[in-house]
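Let's walk through a protein model together, one step at a time. Have the sequence and the 3D view ready.

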Amino acid sequence: MGKLIVSLSPHAHSSETVEKNMYGVIIALVPAIIVSLIYFGLGSAVVLLSSVASCVFFEWAITKYMLKAEPHVSDGSAIVTGILLGMNLPSNLPVWIIIIGALVAIGVGKMTFGGLGNNPFNPALVGRCFLLVSFPAQMTSWPLAGQLTSYLDAETGATPLSIMKKAIKDGDPSVLGGLPDATHMLLGTNPTLGLGTIGEVCALALLIGFVYLLWKKVITWHIPVSIIGTVFVFTALLHLANPIYASPVSEILSGGLMLGAIFMATDYVTSPMTHKGQVIYGIAIGFLTVVIRNWGSYPEGMSFAILIMNAFTPLINHYVKPKRYGEVPAK
């Protein structure tokens, strides 16, 4: 006679799997990867391949030899971490620095906490912020677009975010005249400015990926829209109050805002479970991003804002959760 096994609720079946969602994210990143290869050529290829290979290797090695468990690198999570880490790096970063970033992302940001599903912080952002603090000069050197055969010796230039920062520092709104128009920022077609990290080069490519993720129901709209909407409202108020602050359109289309809002903040493990919690989470990330961008030491604040709110995710989940089935509201 067979044994009857009673498991805890919820008793639900879904066709969703880790592999399906991870490879869905990879497919959504393809337009941004293609654009980065067109704009940065060899540099983009070296950085992305080095990042992905290092992340996959470190997850395999740590799982097999330190945790003494069966590696599951085929689930795609290490590949996603590698791509997202690479997307958050400049295209002229030396390979040895990329390898260090991958080790921190996987070894510290992910496997230290028990691997996939247990990490409180987004692993790719842990690696990125570690490199930003440890190697600030290399991590803030932005190659110009169009240098397809250049890598370590690529010519660099100022980014839109650095121009915005200078306008605030100098108190001179005329500095913002050096910003490209919305069309160029949407497409990333401005050869006179450094375009930032590999993944933030073309907002349109990221939006195409966003539409794909929504279509496949890999993510919902709540976090990306709440982040972008908050940044738009906050920066619009600042711009109206004082023209030294850039327009909301420029703020949204520059830097890693789109990349972070669509692909980083929506990480299943490190973001809230409920839609209401996700909106609160997104609003807080948008607010912190604007604060760090305009009054912090770094021109960009998206990575730090997401990591800060990753720490608050358990608190949001605790206080913003659906009622239990059959629960009677307290009087």
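Which residues touch the most other members of the largest nonpolar core? They are Met-87, Phe-263 and Ile-285, in a core of 88 residues. Here a nonpolar core is a set of buried Ala, Val, Leu, Ile, Met, Phe, Trp, Tyr and Cys residues joined through side-chain atoms within 4.5 Å; buried means under 20% relative accessible area, with a 1.4 Å probe and protein chains only. Helix α1 (residues 18-40) gives this core its largest share, 10 residues. In soluble globular proteins, nonpolar side chains tend to be buried together.

Before going on, a word on the model: it is predicted, local features need pLDDT of at least 70, side-chain atom pairs count only at pLDDT 80 or more, and totals for chains, interfaces and linings use all residues. Residues are numbered from 1 along each chain as its sequence is written, and side-chain values use heavy atoms, leaving out hydrogens and water.

Now find Met-87. Leaving aside residues up to four places away in sequence, Met-87 touches Leu-29, Ala-32, Ile-33, Leu-48, Thr-197, Ile-198, Gly-199, Glu-200 and Leu-259, where a contact means heavy atoms within 4.5 Å.

Met-87 also takes part in a meeting of two helices, α1 and α3. Helices are DSSP runs of H or I with at least four residues, numbered from the N terminus. The axes of α1 and α3 (residues 77-87) come within 9 Å and cross at roughly 25°; such axes are lines fitted to C-alpha atoms over the stretch in contact, with angles from 0 to 180 degrees between N-to-C directions. The two helices are therefore roughly parallel to each other, a label for angles under 35 degrees. Among the residues that meet are Leu-29, Ala-32 and Ile-33 in α1, and Ile-83, Leu-84 and Met-87 in α3. The contact of α1 with α3 has 12 nonpolar residues, 1 polar and no charged. For this count, Ala, Val, Leu, Ile, Met, Phe, Trp, Tyr, Cys and Pro are nonpolar, Asp, Glu, Lys and Arg are charged, and the others, Gly among them, are polar.

Next, turn to helix α14 (residues 302-319), which holds Asn-317. Is Asn-317 buried or exposed? Asn-317 is buried, because its relative accessible area is 17%. Asn-317 touches Pro-272 and Met-273, not counting residues up to four places away in sequence.

Helix α14 also packs with α5 (residues 123-134), at an angle of about 130° and with their axes 10 Å apart. The contact includes Leu-125 and Arg-128 of α5 and Phe-304 of α14.

Technical notes:
Buried means under 20% relative accessible area, exposed over 50%, partly exposed in between (1.4 Å probe, protein chains only). Angles under 35 degrees count as roughly parallel, over 145 as roughly antiparallel, 65 to 115 as roughly perpendicular and the rest as oblique.
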